[in-house]
Structures are given as C-alpha cells and as structure tokens.
Amino acid sequence: MHSLEPEEEDYLFCPSLDWDDLYTEETFGDRLRLFYSQFNSSTRALLDDALFREIEQGSIVVSLEILCENNIIYKRLIQKHQKIGNEIRWIWPETVTQLVIGIYTPDWYGQVFELS
C-alpha cells in the first residue's frame with residue numbers, strides 16, 4: 001500500500017519531466033486549436049464547417065486560408081475578417097501576412113486581406 005503523498009525518497013526513482021523539453025515544436029493543429037478557442041460560440045459555429053490551410057513560400061508560412069462550403073458562411077466570415085486577422089497576427093506573429101477567405105467550389109473565389 002502506498003500513500004497519496006510520495007515520500008522524499010520516491011522522487012529519486014521518478015524524476016520530474018519538463019514538458020517543454022519534450023514538445024519543443026508547435027504544430028499547425030496546435031495553433032489552429034488556439035486560434036479556434038479565441039472566438040465566441042457564434043464565430044466558432046461558422047468556423048466549424050470551414051477548411052484551413054497554411055500557404056508557404058520557401059518553407060515559411062505566409063498566409064492562412066479559410067475555405068467555406070457555402071456563400072452564407074463566406075459572407076459572415078468576411079464581415080468578421082478584422083477580428084480573425086487580429087487573432088492570426090497574435091498566433092502567427094512572425095510570418096503570416098495574409099488572410100484568405102474563400103469558397104471551395106469548382107470555381108474558387110474569395111478575398112485576400114493583408115495583415116499589417
């Protein structure tokens with residue numbers, strides 16, 4: 001039987017782990033989850049049906065593309081492009097300079113917003 005509080009000598013056998021050393025690189029999924037969590041429920045509902053893509057130039061992410069499945073979601077996200085752009089600047093501060101909101105159909109169309 002072991003107590004819930006480990007004794008001092010137990011620490012010799014179980015060294016503490018520094019999680020930052022184990023996970024040094026952030027993935028696109030990590031950043032996307034952080035991005036998604038910054039919005040209220042109405043904006044999250046719009047983003048739920050969207051596809052996200054990082055556009056790279058020379059292995060550096062320069063643009064985030066949000067692809068909607070219909071015109072209604074597209075128009076609502078266009079209205080919220082400033083809030084979305086602010087969150088992108090906060091999460092991808094070094095590299096991302098553009099936000100692209102579009103519709104994925106056979107004839108792709110959308111708008112490009114410069115983030116400066």
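**Before selecting**

This is a predicted model, in which local features need pLDDT of at least 70, side-chain atom pairs count only at pLDDT 80 or more, and totals for chains, interfaces and linings use all residues. Residues are numbered from 1 along each chain as its sequence is written, and side-chain values use heavy atoms, with hydrogens and water left out.

**Whole chain**

Colour by pLDDT, the predictor's confidence in each residue, from 0 to 100. The average for the protein is 80, and 78% of the residues score at least 70. Now select residues 1-15, where the pLDDT is below 50. Beyond near neighbours in sequence, this stretch has one contact in the model; contact means heavy atoms within 4.5 Å. Where pLDDT is low, the predicted coordinates should not be read in detail.

Switch to a cartoon view. The protein has five helices and four strands, in the order α-α-α-β-β-α-α-β-β from the N terminus. Helices (H or I, at least four residues) and strands (E, at least two) are DSSP runs, numbered from the N terminus. Of the 116 residues, 29% count as buried. Buried means under 20% relative accessible area, exposed over 50%, and partly exposed in between (1.4 Å probe, protein chains only).

**Helix α2**

Select residues 28-37, which form α2. Which residues of α2 are buried? They are Arg31, Leu32 and Phe35. These residues are on the same side of α2 because they cover an arc of only 100° around the axis; the arc is that of the directions from the helix axis to the C-beta atoms.

Keep α2 and α5 on screen. Their axes come within 10 Å and cross at roughly 140°. Axes are lines fitted to C-alpha atoms, for helices over the stretch in contact, and angles run from 0 to 180 degrees between N-to-C directions. The angle makes α2 oblique to α5: under 35 degrees counts as roughly parallel, over 145 as roughly antiparallel, 65 to 115 as roughly perpendicular and the rest as oblique. On the α2 side the contact is made by Arg31, Leu34 and Phe35, and on the α5 side by Ile84, Glu87, Ile88, Trp90 and Ile91.

Zoom in on glutamate 87 in α5. This residue is buried, with a relative accessible area of 11%. Leaving aside neighbours within four places in sequence, glutamate 87 is in contact with Phe35, Gln38 and Phe39.

**Helix α4**

Next select residues 71-79, helix α4, where Ile73, Tyr74, Leu77 and Ile78 are buried. Seen down the axis of α4, its buried residues fall within an arc of 135°, so they line one face of the helix. The face turned away from that buried side carries the exposed residues Ile72 and Gln79. Cover for the buried residues of α4 includes α3, β2, α5, β3 (98-103) and β4 (109-114).

**Two single residues**

Select cysteine 68 in strand β2. Is cysteine 68 buried or exposed? At 0% relative accessibility, cysteine 68 counts as buried. Not counting residues up to four places away in sequence, cysteine 68 touches Ile73, Tyr74, Leu77, Ile101, Gly102, Ile103 and Tyr104.

Finish at serine 59, in the loop between β1 and β2. Serine 59 is not a glycine, yet has a positive phi of about 65°. Serine 59 is exposed, with a relative accessible area of 65%.
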